[in-house]
Amino acid sequence: QSVTFSKKDQQKMINVAHRGASGHAPENTMAAFQKAVEMKADYFEIDVQMTKDGELVIIHDTTVNRTTNGTGAVGDLTFEEIRSLDAGSWFDEKYAGEKIPTFEEVLDAFRGKIGILVELKSPELYPGIEEKIATVLKERNMDRPNNKKIIIQSFNHDSVQQSKTLLPNLPHGVLAGPSWRNVTDEQLKEFATYADYFNPNMNIVTTELVNRVHATGMLIMPYTSRSQKQADRLFHLGVDGIVTDYPEHVYKHPVK
Ligand code: G3P
Ligand code: CA
């Protein structure tokens, strides 16, 4: 007997399109972000890194090898080199010509249309990236109190703390891989001194963890759901949001 949820509960579930709606379009491209808007996700998630010459770019891996027709580390390539790459064909020929977007481009195209969950990806490789991100957001007045449409998160918790100091008005999130399975209440309490979200790998989520995160005042948005079954499980565990490649899964829950 599966639990059913009211329309109200369903609407409360925060729907986060992972790297854009990356089940439907090449991850971290304008096409995937546009798809997330069309699918009415609440947020899309992006991975921010930095080129050799200091441009903030949106790509997940620390090399361009998997998702473009080029090779090399993001931090060893200039923006011009990065920009000449095709970031769409690997996914489907119909996306040939998609480029690696810049952080500024994404903000300018999508702010006001959808929330953006900004992951600082491997920030230890890019000294000063926290300041750059803060500058770009401040230039656009996107660091105002209660701007719930930008959330900043990282697996690098020092980087999250640094960003929170630079952008105290914006919500921040701590990402937690499987090694945080046995996270203690003390650790959660410490995270809650600078973070508003504890966003773990979905495989370590239990009802008990959800309750313990909530007890600190933080919200929990696990990653990354890739099937209806996984989304359903997270929904039933009482999480606040689901990071998914398929935003449609987050809507398809039984309603009373
Ligand atoms: O939102 C969290 C999720 O994006 C973290 O994992 O590897 O997809 O960046 P990854
Ligand atoms: Ca990510």
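The model is predicted: local features need pLDDT of at least 70 and side-chain atom pairs count only at pLDDT 80 or more, while totals for chains, interfaces and linings use all residues. Residues are numbered from 1 along each chain as its sequence is written, and chains are lettered from A and ligands numbered from 1 in the order in which they are written.

First, select ligand 1. Its surroundings include His18, Glu45, Asp47, His60 and Glu119; a residue is near the ligand if its C-beta atom, placed from the backbone, lies within 6 Å of it.

Next, select strand E4, residues 115-120. Helices (H or I, at least four residues) and strands (E, at least two) are DSSP runs, numbered from the N terminus. Six of the six residues of E4 are buried, meaning that 20 or more other C-beta atoms, placed from the backbone, lie within 10 Å of a residue's own. Gly115, Leu117 and Glu119 lie on one side, and Ile116, Val118 and Leu120 on the other.

Strand E2 (residues 43-50) runs parallel to E4, with six bridges, and Ile46 has Val118 as its bridge partner. Strand E5 (residues 150-154) is also parallel to E4, joined by four bridges, with Gln153 opposite Glu119.

Finally, select helix H9, residues 228-237, where Ala231, Leu234 and Phe235 are buried. Seen down the axis of H9, the buried residues fall within an arc of 105° (taken from the directions from the helix axis to the C-beta atoms), so they line one face of the helix. Gly238 follows H9 and has a positive phi, near 85°.

Technical notes:
A residue is buried if 20 or more other C-beta atoms lie within 10 Å of its own, exposed if 12 or fewer, and partly exposed in between; C-beta atoms are placed from the backbone. Two strands pair if DSSP finds at least two bridges between them.
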